[in-house]
Amino acid sequence: MAPVTYVALENVSKALGTRTLLSGVTVGITEGARIGVVGRNGGGKTTLVRVLVGAEAVDAGRVVRYGGLTIGLLEQTDDLDPAATLRDVVVGERPEHEWAGDARVRDVLDGLLGGVTASAYSDRLDTVVGTMSGGERRRAALAHLLVADPDLLVLDEPTNHLDVEAVSWLAAHLAPRRGALVAVTHDRWFLDAVASETWEVVDGRVERYDGGYAAYVLAKAERARQTASSEERRQNLLRKELAWLRRGAPARTSKPKFRIDAANDLIADEPPPRDRLALEKFATARLGKQVYDLEDVTLAPAPGADPVVTRQTWRLGPGDRVGLLGPNGAGKTTILRLLNAAHDGVLDTDVAPDVRHGGIRVGQTVSVAHLSQALAEIDPDERVLESLQRQARYVELGKGRTLTAQQLLENFGFTGDKLFTRLGDLSGGERRRLQLLRLLVNGPNVLLLDEPTNDLDVEMLTVLEDLLDTWPGTLVVVSHDRYFLERTTDTIYALLGDGTIRHLPNGVDEYLERRRAVAVGARASAALASTAASASAATGSGTRLSGGDARAARKELTRIERRTERLRGEEDRLHAALAGAATDHERVLVLDAELRAVVAEREQLEEQWLELAAELE
């Protein structure tokens, strides 16, 4: 039987003022569809999804929705009641025993809120919406939708405010969903993990491509080759992106249903991979042998705050390209602030991080550019081109590459009239791009980038990655964009919340494994504490087991612990398999059934363990 069509758009047009955002668009969403939506900022992606769900009327054309269809929309801004509690938002009036006994609901709370008690929030489930940060509200709104589990789930930038760990969890959680999914996203790893179809919103049209991001890049390059309609610069970027995808991890290139060899004729003049040794040699000539040496450092974000790093030694050399990972609050931004303040010689000021032990040495030739998450103050009456030319008219990019300020601006989307736009009239994303360019034209040899991908669309991300590919200096990147990290850095370090800075040879995958291990340990500790409390309360009021029964109970406890540990490993394997089989719906159904059975068995064993442990006490 053919899948049900949930929503159909027929020859739909929509304009905003004098701008046409959608023009003659005809698309449909069927049951089981998994669609990723990409395109330039301001190009109409959000308008498209609002039209799909009925939140916005169309100027022309027809929108048809299946009768009885339930729809959930995650917008970039929420309308949560500021007086409501987190409990009200996520589970509503459902009795606690009902939602707490639902494995799917518990999975959502574990993945987004810190567990069934919502330990990631100040007052746990009683936290009032009005006191939440933007990121906390975003997670609460997403959790509400996932718990509701509508037929059609539409997510506008769902990975905003999520760290690498939460993005990985979200992809695994969405994989077995039976309903339809539409996700507007700039996160290319997430797009590859969940999408079986990609829609690009461009010039009022919706171009459709089979597969996730890797398949989309290949198909887009093929269309451009056949029609010869793209300018040379865009062709070069596509070839470079294809080369990266082909050289990347096998898991990435095997997900789309195409043979990478079929792309050979598209990239016959494939650009060479980033020459790490050549860049390090050039960087050494610019920087000398010493860049940053942190010796036995204990560091806190501010005086009186708890340390985020304790007695750690860390060295950054010329040409090092480092990605820095860690949960929110682990100290990633504090590390960047320390490196910037040490270079500027302002470690003893109130605005600098608090170095409580050890010291930091900075190379004499170090010239730092620090991109913070906050947008820099600008003169709103200044024009874009003159703003950049006032700092430098030319920028050296290494390997003999030199660009004028205007060429650099044009590469980053400031073309035509945009070159002469007032800075006060720029959007947040445009100001972010200009902030980055103003740093680069000053000729730094060390770049400290704190969430550089914020507000950048896919096209601008590929431009930035292309620029950084040949940049000969030391690079430290803090980012939750897994694809960007893997694309621009060579080494991953992590702050895991235990005061250490750890090198992770296996990169992001190793980080996720370590974080899962921490979560398992925390759950085990909580279970033991709960058992101990129950046993303590029952002391003197229950019956004690005989010697033989006690030995049998302890033996059974050991068996349960071993079986539970194996089941946890099986859960991790099935979650990974679900993420990898997102485009194979039959396989997803089989894996989902296996996962539910494993989870049910593990939960039953955990209950048995608690009962036996209480009896032994």
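# Glu382, two helices and some loops

Q: Where is the place of Glu382?
A: Glu382 sits in the loop between strand E14 (368-371) and helix H13, where helices (H or I, at least four residues) and strands (E, at least two) are DSSP runs numbered from the N terminus. This is a predicted model, in which local features need pLDDT of at least 70 and side-chain atom pairs count only at pLDDT 80 or more, while totals for chains, interfaces and linings use all residues. Residues are numbered from 1 along each chain as its sequence is written, and side-chain values use heavy atoms, with hydrogens and water left out.

Q: Is Glu382 buried or exposed?
A: Glu382 is buried, because its relative accessible area is 10%; buried means under 20%, exposed over 50% and partly exposed in between, with a 1.4 Å probe and protein chains only.

Q: And which side chain does the side chain of Glu382 make a polar contact with?
A: The partner is the side chain of Arg390, at 2.7 Å. A polar contact is a pair of N or O atoms within 3.5 Å; within protein, one must be able to donate a hydrogen and the other to accept it, and residues adjacent in sequence count only if both atoms are side-chain atoms. Leaving aside neighbours within four places in sequence, Glu382 is in contact (heavy atoms within 4.5 Å) with Ser387, Arg390, Thr421, Arg422, Leu423 and Arg438.

Q: What about Arg393, buried or exposed?
A: Arg393 counts as exposed, because its relative accessibility is 51%. Arg393 lies in the loop between H13 (384-389) and strand E15 (394-398), and, not counting residues up to four places away in sequence, Arg393 touches Leu403, Thr404 and Ala405. The C-alpha atoms of Arg393 and Val441 are 7.9 Å apart, although 48 residues separate the two along the chain.

Q: Switching to helices, how many residues of H16 are buried?
A: In H16, 12 of its 12 residues are buried, including Val458, Met460 and Asp469.

Q: What should the 12 residues of H16 span?
A: At 1.5 Å a residue, helix H16 (residues 458-469) should span 16 Å, and its end C-alpha atoms are 16 Å apart, so the two agree; the expected span is 1.5 Å times one less than the number of residues.

Q: How do the axes of H4 and H6 cross?
A: The axes of H4 and helix H6 (residues 164-174) come within 9 Å and cross at roughly 160°, where axes are lines fitted to C-alpha atoms, for helices over the stretch in contact, and angles run from 0 to 180 degrees between N-to-C directions. H4 is therefore roughly antiparallel to H6, a term for angles over 145 degrees, whereas those under 35 count as roughly parallel, 65 to 115 as roughly perpendicular and the rest as oblique. The contact is made by Arg104, Asp107, Val108, Gly111 and Leu112 of H4 and by Ala166, Trp169 and His173 of H6.

Q: What is at the start of H4?
A: There, a side-chain oxygen of Asp102 reaches to within 2.9 Å of the backbone nitrogen of Arg104. H4 is followed by Gly114, whose phi is positive, near 95°.

Q: Which loop is Arg124 in?
A: Arg124 is in the loop between H4 and helix H5 (134-148), and Arg124 has a positive phi of about 55° although it is not a glycine.
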